[in-house]
Amino acid sequence: MNSTLNGYPRWSGDNEPWGAFPKVSLHDHLDGSLRPETLIELSESTGAELPYTDPGMLYGWLSGEITEPPVKHWDDKFALTTSVMQTEENIARIAREWVLEAAADGVLYGEVRWAPEKHTLGGLPLTVAIGAVATGLRQGEDEVSAAGGRIRARQLLCGMRSSTLSFEIARTLVKVYRSWGDSIAGFDIAGPEDGFPIRDHLDATTLLDREEIPVTVHTGEHEGPHSVWETVHLAHAQRLGHGARIIEDVTLNGRPLNTRTAVREVAAAREAGDAVLQLGRTAQWVVDRGIPLEMCVSSNSKGTVVDGIPDHPIDLLRELGFTLTVNPDNRGMSQTNISVEFRRIAEAFGWGIEEFTWAELNAVEAAFLSRAEKDQLREDVLQRIREFSLP
Ligand SMILES: [Zn+2]
C-alpha cells in the first residue's frame with residue numbers, strides 16, 4: 001500500500017485536497033482499475049505475461065505513461081487485466097478491492113461496470129461471474145463498514161458494441177436483476193463507437209427498457225452528435241457515458257464547434273467580443289431533459305477526445321446547461337480517481353465547492369437508485385459537504 005486516504009489503504013497517489021469530499025461514482029470499469037500489486041500477484045497463478053513486475057512501472061505502462069513495450073491496441077491492456085479475472089475468487093477479490101479504493105476516494109455510492117463476456121474464457125458461467133462480483137462488492141462494503149465508514153457499491157453489466165452478445169447479457173441481466181441484494185444497478189453498452197453503432201444493439205436496450213431496468217451507453221466519445229442522437233432516441237438511455245462530443249452539436253457564430261478546439265475557439269471569439277453559442281436540436285434535447293453526462297476528463301484528454309485537460313469541454317458544457325457528473329472511467333488505465341479529477345478540473349477551470357457540489361448532486365439524481373435511496377444519499381452527501389473544508 002502506498003498511502004492512506006480517508007482512513008483506508010490505497011495504492012495510488014498522495015493525499016488529495018478533495019479526498020474527503022463526498023462522491024458518487026457512476027462510470028468506472030472494474031477491469032481498468034486493478035491494483036498493479038494485485039495484477040502482479042495474480043499473474044503468478046494465472047501465467048499472465050506482464051511487461052513489468054514493479055508495481056510503479058506496471059501502473060505507468062497500463063496508463064500509457066510508459067510506452068515500451070508498445071501495444072497494437074489499447075484493448076490489449078484490458079485483455080491482460082481480464083486474463084487474471086477468470087475465476088470466482090479472483091473476480092471477487094478485484095471487486096472487493098474496487099470498493100476499498102472507492103471508499104478511500106470519498107465515494108459513498110458507486111456503480112462499477114464490467115463486461116461479463118470477457119470473464120468466461122476459463123469456462124465460468126455468466127451468472128457465476130456476476131455472483132462473484134456481487135460477493136466481492138459486499139465484502140468490500142462490509143470491510144468499509146467495519147472500519148467505521150459507509151459505502152454502497154453496485155454493478156453495471158456491459159454489453160460490448162463490437163460483439164454480438166449484448167442481447168444475451170441483457171437476457172441474463174433480466175433473470176438475475178433482483179439477485180444478490182440488488183447488487184446489479186443496470187446495463188451499459190461499452191467498446192468502440194465508430195463502426196459499431198448502438199442501433200445494432202437495440203434488441204438488448206429495448207428488452208431492458210420494457211423490463212424497466214436502467215441503461216447507460218458509452219456515447220459521444222469516439223463519435224459525435226449522431227451517435228448521441230441514436231443513444232437518446234433509439235436506445236432510450238438514461239445516461240450518456242462520456243457524451244463530451246455533444247459539443248459538436250453547438251454552433252459558435254453559426255459554425256459547429258470541433259471538440260478538440262472548442263474551448264480555444266470560444267475563448268478567442270470572446271476575446272474578439274463576438275461569441276454567439278447556439279445549441280443544436282440534440283444538444284437542446286439533452287439539456288432540456290437533464291439527461292446526465294458521465295464526464296471522464298482525464299480519460300478523454302489523452303488524445304481520444306481532446307489532447308489535454310485544458311481543451312476538455314466540461315466547463316463549456318456546464319455553462320451551456322448540461323447536467324454533468326465527474327467520473328474516473330478507469331482508475332488504473334487513466335491514472336486517476338475522482339479526487340484527482342476534482343483537483344485537475346479545479347486547476348484547469350477554477351471549479352470549487354459550489355461546482356463540485358452541483359456535480360455530485362447531479363450524480364445522486366442520475367444514480368440507478370430508487371427515489372427513497374436517492375433522497376437518503378443526497379442527505380448524506382450534503383451532510384459531508386457541510387463538514388468538508390479544503391486543507
Ligand atoms: Zn468507460
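Residue numbers start at 1 along each chain as its sequence is written. The model is predicted: local features need pLDDT of at least 70, side-chain atom pairs count only at pLDDT 80 or more, and totals for chains, interfaces and linings use all residues.

**Overall fold**

The protein chain has 15 helices and 13 strands. Helices (H or I, at least four residues) and strands (E, at least two) are DSSP runs, numbered from the N terminus. The radius of gyration is 20 Å, close to the 21 Å of the globule rule for 391 residues, so the chain is as compact as a globular protein of that length. The radius is taken over C-alpha atoms, and the rule is 2.2 Å times the number of residues to the power 0.38. The C-alpha trace spans about 60 × 50 × 50 Å along its principal axes.

Buried residues make up 51% of the 391. Buried means 20 or more other C-beta atoms within 10 Å of the residue's own, with C-beta atoms placed from the backbone. Of the contacts with a separation of 6 or more, 72% join residues 24 or more positions apart. A contact requires C-beta atoms, placed from the backbone, within 7 Å.

**V286**

V286 sits in helix α10 (residues 281–288). V286 counts as buried because it has 28 C-beta neighbours inside 10 Å. Beyond its neighbours within four places in sequence, V286 contacts V228, V232, I246, I291 and F322. L240 is 46 residues from V286 in sequence, yet 9.5 Å away, C-alpha to C-alpha.

**Helix pairs**

Packed helices are described by the angle and the distance between their axes. Here axes are lines fitted to C-alpha atoms over the stretch in contact, and angles run from 0 to 180 degrees between N-to-C directions.

| Pair | Axes come within | Crossing angle |
|---|---|---|
| α8 (residues 225–233) and α10 | 10 Å | roughly 45° |
| α14 (residues 353–366) and α15 (residues 371–387) | 9 Å | roughly 160° |

α14 is therefore roughly antiparallel to α15, a label for angles over 145 degrees. T357, E360, L361, V364 and E365 of α14 meet K374, L377, R378, V381 and I385 of α15. By class, this contact has 5 nonpolar, 1 polar and 4 charged residues. Nonpolar covers Ala, Val, Leu, Ile, Met, Phe, Trp, Tyr, Cys and Pro; charged covers Asp, Glu, Lys and Arg; the others, Gly among them, are polar.

α8 and α10 are oblique to each other. P225, V228, W229 and V232 of α8 meet T282, W285 and V286 of α10. The α8 contact with α10 has 6 nonpolar, 1 polar and no charged residues.

Conventions
Buried ≥ 20, exposed ≤ 12 C-beta atoms within 10 Å, placed from the backbone. Contact = placed C-beta atoms within 7 Å. Parallel < 35°, antiparallel > 145°, perpendicular 65-115°, else oblique.
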